[in-house]
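Have a look at it first, and then follow along with my entries.

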Amino acid sequence: MLASEREEYEELLEVLQLSRVVPGNSDDAVWKVASGSGFTMKSGYDWLRKDQPVLAVTAAKQREVWGCKAPPKVKIFLWILYQKKILTRCRLARWVSGLEVLCALCGEEEESADHLFTSCRLVRWAWERMKVASGMDVDFGDLEGMWAAGKRMKRVGDRSVKAKVSQLLVPALVWAVWICRNHVIFRGQRPYGENIWELTKGLIRDWGNVRVGARGICFQDDRLVVL
């Protein structure tokens, strides 16, 4: 008997020792999660997500996400990210046994939403470039810090074109991270922080020209310049 088989055998014996066998009675499957009823899809799904935090969605947060000038599909992505329901490897591993959970970009820590978009060392490098572009010393330590930084970049009361373009910085970088992550997984591309930042700048230029009406957008020494 192999060592792994012996471990499984010993685990089975421990389970059997805790079981009470009644001679003459048939075995019945019991679903203990939902008391008083058998298994249902709803009770199974509730059990899977029992450890997930319930987020209070405020009207301000809805305006922050849906009011930005990013394309509709990016707004939807941001909304799912705010709910922490993006299908990162850690989240997928709850349903897929044996799935790799290390970050697709750095390969150093588990790929949670917080890690992928704020803590990964390649993404942190891109966020540092973002600080230079925005001219603001903001903290992107976690997702809450990221949302707070995006709110500060809105420059309340400033209706200039540059202010509107600045609102695209966080959405563009978040979307660039997700695209680069998927390219690593599905296309086998090498992960680089420079790729994330270059894609971010391209998205800002495209979105700014088409969705905000800026006449020209460029980056001088990584600083955002709006003409």
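**Entry 1: the overall order.** I read along the sequence and found that the protein chain follows the pattern α-α-α-α-α-α-α-α-α-α-α-β-β. That gives 11 helices and two strands in the protein chain. Helices here are DSSP runs of H or I with at least four residues, strands are runs of E with at least two, and both are numbered from the N terminus. A note on sources: this is a predicted model, in which local features need pLDDT of at least 70 and side-chain atom pairs count only at pLDDT 80 or more, while totals for chains, interfaces and linings use all residues. Residues are numbered from 1 along each chain as its sequence is written, and side-chain values use heavy atoms, with hydrogens and water left out.

**Entry 2: burial.** I looked up how much of the protein chain is covered, and buried residues make up 39% of its 227 residues. Buried means under 20% relative accessible area, exposed means over 50%, and partly exposed lies in between (1.4 Å probe, protein chains only). The accessible areas come from the Shrake-Rupley method with a 1.4 Å probe, and for residues only the protein chains shown count as cover.

**Entry 3: helix α7.** I checked the length of α7: its 14 residues reach 20 Å from the first C-alpha to the last, close to the 20 Å expected at 1.5 Å a residue. The expected span of a helix is 1.5 Å times one less than its number of residues. Which residues of α7 are buried? I listed Leu122, Val123, Ala126, Trp127, Arg129, Met130, Lys131, Ala133 and Ser134. Ala126 has a relative accessible area of 0%, so I put it down as buried. After α7 comes Gly135, with a positive phi near 70 degrees.

**Entry 4: helix α10.** Gly188 follows α10, and its phi is positive, near 70 degrees. I also noted a separation of 7.9 Å between the C-alpha atoms of Ala126 and Leu173, which are 47 residues apart along the chain.

**Entry 5: salt bridges.** How many salt bridges does a search of the whole structure find? My tally is five. I count a salt bridge when a side-chain nitrogen of Lys or Arg is within 4 Å of a carboxyl oxygen of Asp or Glu.

- Arg121 pairs with Glu108, their closest N and O atoms being 2.6 Å apart. This pair links distant parts of the chain, with Arg121 in helix α7 and Glu108 in the loop between α5 (89–92) and α6 (113–119), 13 residues apart. Arg121 counts as partly exposed at 47% relative accessibility, and Glu108 counts as partly exposed at 48%.
- Glu111 pairs with Arg181, with 2.8 Å between the closest N and O atoms. Glu111 lies in the loop between α5 and α6 and Arg181 in helix α10, so the pair ties together parts that are 70 residues apart in sequence. I found both Glu111 and Arg181 buried.
- Lys201 and Glu198 meet through their side chains at 3.2 Å, N to O. Both lie in helix α11 (residues 193–212), three residues apart, about one turn of the helix. Lys201 counts as buried at 11% relative accessibility, whereas Glu198 is partly exposed at 45%.

Entry 6: I marked a patch of negative charge on the surface, where Glu5, Glu7, Glu8, Glu10, Glu11 and Glu14 gather. Glu7 sits in helix α1 (residues 3–17). I also marked a nonpolar surface patch of Tyr9, Leu12, Leu13 and Leu16, with about 370 Å² of accessible area together. Leu13 is in helix α1 too, and it counts as partly exposed at 35% relative accessibility. My patch rule takes residues with over 30% relative accessible area and no salt bridge, joining like charges within 9 Å and nonpolar side chains (Val, Leu, Ile, Met, Phe, Trp, Tyr) within 5 Å. Lys and Arg count as positive and Asp and Glu as negative, while His and the chain ends are not counted. A charge is placed at NZ of Lys, CZ of Arg, CG of Asp or CD of Glu.

**Entry 7: a backbone note.** Most residues other than glycine have a negative phi. Lys84 is not a glycine, yet I found a positive phi of about 60 degrees there. Lys84 lies in the loop between α4 (72–82) and α5, and its relative accessible area of 36% makes it partly exposed.
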